[in-house]
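Here is a short report to read alongside the model. Please keep the viewer open as you go.

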Amino acid sequence: MRTPFTGLWLSCLLAAGASAQTLSSPLPAGTPPPAGTALPHGQGAGVHSPLSPFAPLPKRTDVVAWSTLTDITTRVEKKRIVPVYPAPVASLHQKTLRLQGFMMPLEPGENQRHFLLASVPLTCGFCTPGGPESMVEVRTKTPVKYKLEAVVVEGTFHVLQNDPYGLYYRITNAVGVP
């Protein structure tokens, strides 16, 4: 089992040929959003809300900011939603870097070698805290102990172009950093 979240990605449903209901807006086409409701890039789902009951990630200068990773756009290509990475994100490919986030285990047990790192804490065992732009698949060199608190990992970062599970990022040969 690769990941329990694979069925959640719309791109997988579209690729499998699933039909989806088309929803329409109650507003006429071209109506601008109400003032103050539009979110700039890097501020949508997966970015810690100031209203959250959980403490945000502590400020660190030695990690890549989630606002950088979430500042992407998407396009539909052959019935799949694919990411369009801006130059600052694309330039991270194959670089050794550090990320800070919250562990989402993919297998049972206290020690994890394969998990998702999310920009915000997991609040529901059946829900993802954001879209694929706000999560990174992590593969570690050696098992790491699961923690509810924020963790920092360092490894080789991969910007994924066509992941079959709809993931946008992966970090391999990761190690925990204090």
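What pattern does the chain follow, read along the sequence? The pattern is α-α-β-β-α-β-β-β-β-β, with 3 helices and 7 strands in the chain. Helices (H or I, at least four residues) and strands (E, at least two) are DSSP runs, numbered from the N terminus.

A word on the model before the details. This is a predicted model, in which local features need pLDDT of at least 70 and side-chain atom pairs count only at pLDDT 80 or more, while totals for chains, interfaces and linings use all residues. Residues are numbered from 1 along each chain as its sequence is written, and side-chain values use heavy atoms, with hydrogens and water left out.

**The chain as a whole**

Of the 178 residues in the chain, 38% are buried; buried means under 20% relative accessible area, exposed over 50%, and partly exposed in between (1.4 Å probe, protein chains only). The chain exposes about 10,700 Å², and carbon and sulfur atoms supply 59% of that area. Accessible areas come from the Shrake-Rupley method with a 1.4 Å probe, and for residues only the protein chains shown count as cover. Among the contacts (heavy atoms within 4.5 Å) with a separation of 6 or more, 67% are between residues 24 or more positions apart.

**Strand pairing**

Now to the strands, where two of them pair if DSSP finds at least two bridges between them.

| Strands | Sense | Bridges |
|---|---|---|
| β5 (residues 135-145) and β7 (residues 169-177) | parallel | 3 bridges |
| β6 (residues 151-159) and β7 | antiparallel | 7 bridges |
| β3 (residues 96-105) and β6 | antiparallel | 6 bridges |

T140 has A174 in β7 as its bridge partner, and V159 has Y169 in β7. E154 stands opposite V175 in β7, while T96 stands opposite T156 in β6.

Is β6 largely enclosed or open? Because 8 of its 9 residues are buried, β6 is largely enclosed by the rest of the structure. Strand β6 pairs with β7 and also with β3.

**Aromatic pairs**

The structure holds 4 aromatic pairs. Rings of Phe, Tyr and Trp (its six-membered ring) pair if their centres lie within 6.5 Å; planes under 30 degrees apart count as stacked, over 60 as edge-to-face and the rest as tilted. The ring centres of Y85 and Y168 are 6.3 Å apart and their planes stand at 90°, so this pair is edge-to-face. Y85 lies in the loop between β2 (80-84) and α3 (87-90) and Y168 in the loop between β6 and β7, so the pair ties together parts that are 83 residues apart in sequence. Y85 is buried, with a relative accessible area of 13%, and Y168 is buried too, at 7%. Ring pairs also link Y85, F157, Y168 and Y169 into a cluster.

Most residues other than glycine have a negative phi. Which loop holds K78? K78 lies in the loop between β1 (73-77) and β2, and its phi is near 50°, a positive value. K79 is found in the loop between β1 and β2, with a positive phi near 65°. K78 is exposed, with a relative accessible area of 79%, and K79 is exposed at 62%.
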